[in-house]
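Okay, thanks for making time, everyone. Let me put the model up, and then I'll talk you through a few things in it.

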Amino acid sequence: MSIAEKSRETVPAAVDVPRRRRGKRVTDEHGKHVRVWELALRYLLLLAVLALTVGPFLWQLSTSLKGPTEDIFSSPPKFLPGEPTLHNYDRVAQTIPVWDYAFNSLKVATANVVTNCVGAALAGYALARLRYRGRKVATLVFILAMLVPVEGIIIAQFTTMRELGLNNTLIGVVLPGCIGAMNVLLMRNAFLNLPYEIEEAAFVDGANTWQRFLRIALPSVKGTLAVVAIFAFMGAWDDFLWPLIVLSDPDKFTLTIGLNYLHGTFANDERLVAAGTIIAVAPLIALFACLQRYFFRGVGEGAVKG
Amino acid sequence: MTSPSSTTAARVRRQLPTSPWLFAAPGLLVVGIFILYPFVSTVVNAFTDRRTLIPGEFVGLANFRELLHDEMFWIGLRNSTLYVVGVVPALVLLPLLLALLVQKNIPGIAFFRSAFYTPVVASIVVVGLIWVWLLDERGLVNSLLEAIGVGRVGFLSDQWLLLGSAMAVTVWKGLGYYMIIYLAALANVPRELHEAAAVDGAGAVRRFLTVTVPAVRSTMVLVGALSSVAAFKVFSEVYLMAGPDGGPAGEDTTLVMLVQRTGTGLTGRVGYASAISVVVFVVTVALMLLVLRADRKEDA
């Protein structure tokens with residue numbers, strides 16, 4: 001109905017200004033005309049999927065903003081909080097040290113970004129560019145490491161951590177994934193795709209390996225490096241199974257483990273859990289909103305290799 | 001000016017301060033100590049009775065014999081296998097349909113693409129807890145069901161409904177990820193094929209089956225392989241929804257949950273947990289081979 005009305009409204013305008021009509025016509029990526037009912041159906045489906053994918057987050061946000069006297073179980077449900085309040089965020093901070101947990105997560109994620117970027121860039125460059133005996137073996141080591149299902153080796157990783165005296169530390173949380181084999185191979189491929197001639201020229205000019213790596217090769221693979229950084233951050237911030245196993249002291253919990261603890265202990269306080277989950281997810285959604293194209297690029301590059 | 005031999009010497013000098021092994025060493029060390037060594041030690045431990053605080057001794061196949069009679073192991077194997085059966089077809093098909101939906105560059109489509117990707121960005125813990133609340137006895141889904149007269153459903157109290165709900169959550173979280181993979185594949189499908197089929201009078205469903213599916217088949221195989229391996233190793237969703245013990249009698253336990261429960265803590269049975277891990281390895285490799293073989297058969 002409304003679509004039909006809309007199109008009727010636009011027709012007179014189009015007749016008045018014939019040039020603009022061509023500009024306003026909806027076309028697909030090949031410039032082909034798209035029928036109105038087809039477009040309407042498409043948007044209807046898109047909105048339905050939108051409600052399904054983003055709706056749950058909004059419901060969680062809404063729950064976290066509902067005050068203690070507001071009924072959160074009503075049927076039919078109330079989608080918007082009657083009197084929005086940040087009270088639950090105060091309460092969750094009083095119940096568990098949620099900001100300390102967030103800071104622990106930030107430390108772990110930041111360390112993971114730095115080690116992965118540095119370690120994967122160095123190793124990737126060695127695999128792609130440097131000639132030495134055993135290079136093929138080194139590449140094979142990373143490929144094999146990439147194929148090992150991490151979920152299957154957690155117990156042995158834990159005993160290794162115990163032997164190193166690093167269980168129940170944030171360093172222990174970071175170490176196993178601090179230079180991901182897949183990141184090394186991603187960087188290797190990025191370096192392999194660079195034309196070799198530029199580096200040869202630099203070599204002739206007397207630049208040593210380190211200078212060629214830092215001044216010429218590295219600036220040319222910034223995009224892949226950004227992908228590695230983002231996925232390292234997201235992986236560490238979101239990780240659950242490994243920190244759950246390696247951390248036992250509530251002081252050292254990361255956000256995900258803290259949330260699990262909150263859920264296990266205060267399961268029937270939905271407003272509290274909702275506030276906690278929003279604290280955990282908001283930074284990543286912000287990061288994603290700013291750096292979308294690297295997220296999407298990472299999926300493509302990772303899937304082909306993984 | 002310089003003789004050939006001094007050029008070589010200069011070259012060697014230039015190379016010396018940064019040996020290639022120095023570049024690769026940090027990566028090799030980390031991967032060696034924290035991935036490959038634990039992998040080997042998992043396989044070795046599987047044949048011992050090692051515990052967290054006791055080194056243990058070689059016991060041959062005793063752990064594997066015990067597995068055969070361990071009811072919880074069979075429950076775990078069943079649930080993890082069911083997870084693959086339930087999740088993989090949905091994750092191969094639904095993201096493809098979603099990719100077709102967001103493929104056309106209509107106004108605002110970039111927003112929709114990003115929005116559909118949001119669940120991928122969120123931690124599985126966040127996602128799990130969001131759905132625990134949504135599917136709660138008094139949660140949103142049940143409120144809606146009651147409002148339309150269906151009545152409340154115990155999504156998280158019945159063992160099968162819980163497993164199904166966890167699968168739905170896995171699919172929900174994975175949709176956006178595989179959608180992006182399919183989008184890249186769809187961009188390579190020549191448009192002429194669609195147009196030719198349309199001229200021949202093929203409807204949307206027919207065009208999907210005769211043009212789209214064959215064109216993205218290798219991507220479907222890739223998604224099938226990735227998602228089946230991930231599904232078999234499911235842990236977090238079920239752990240969060242059913243609790244650490246996998247429900248009152250552990251009936252929703254998955255294999256990786258069993259590994260975690262058996263092998264951790266001061267009394268953890270490292271040897272036995274490693275034997276379960278070895279089963280996880282074997283099935284994972286088998287799944288990959290199965291998917292790849294199914295692909296080859298279709299080719300013939």
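Before anything else, what I mean by buried: a residue is buried if 20 or more other C-beta atoms lie within 10 Å of its own, exposed if 12 or fewer, and partly exposed in between, with C-beta atoms placed from the backbone. And when I say helix or strand, those are DSSP runs, H or I of at least four residues for helices and E of at least two for strands, numbered from the N terminus.

Housekeeping next. This is a predicted model, where local features need pLDDT of at least 70 and side-chain atom pairs count only at pLDDT 80 or more, while totals for chains, interfaces and linings use all residues. Residues are numbered from 1 along each chain as its sequence is written, and chains are lettered from A and ligands numbered from 1 in the order in which they are written.

Let's start with chain B. It has 14 helices and 0 strands. Its C-alpha trace spans about 85 × 65 × 40 Å along the principal axes. The radius of gyration, taken over C-alpha atoms, is 26 Å, where a compact globule of 300 residues would come out near 19 Å; that rule is 2.2 Å times the number of residues to the power 0.38. Of the 300 residues in chain B, 45% count as buried.

The domain assignment, and these bounds come from an automatic or database assignment, gives chain B domain 1 at 16–45 and domain 2 at 62–299. The C-alpha centres of those two domains of chain B are 32 Å apart.

Now, what does UniProt say? An unreviewed entry puts "domain: ABC transmembrane type-1" at residues 77–291 of chain B. UniProt positions are in the numbering used here, feature names are shortened, and annotations may be inferred rather than shown by experiment. In the model that span is 75% helix and 0% strand, with its end C-alpha atoms 19 Å apart. The unreviewed entry also lists "transmembrane region" spans in chain B, including 208–232 and 270–292. Residues 208–232 of chain B are 96% helix, with end C-alpha atoms 29 Å apart. For 270–292 of chain B, it's 100% helix and 33 Å.

Zoom in on helix α11 of chain B, residues 217–232. Is α11(B) mostly covered or mostly uncovered? Mostly covered: 12 of its 16 residues are buried, among them B:Met220, B:Leu226 and B:Phe232.

On to the interface. Two residues are in contact if their C-beta atoms, placed from the backbone, lie within 7 Å. The contact between the chains takes 83 residues from chain A and 75 residues from chain B. On the chain A side, helix α3 (residues 36–64) gives the most, with 13 residues. That side divides into 57 nonpolar, 20 polar and 6 charged; here Ala, Val, Leu, Ile, Met, Phe, Trp, Tyr, Cys and Pro are nonpolar, Asp, Glu, Lys and Arg are charged, and the others, Gly among them, are polar.

A:Asn168 sits in the loop between α7 (154–163) and α8 (170–174) of chain A, and with 15 C-beta neighbours inside 10 Å, A:Asn168 counts as partly exposed.

Note on methods: The expected span of a helix is 1.5 Å times one less than its number of residues.
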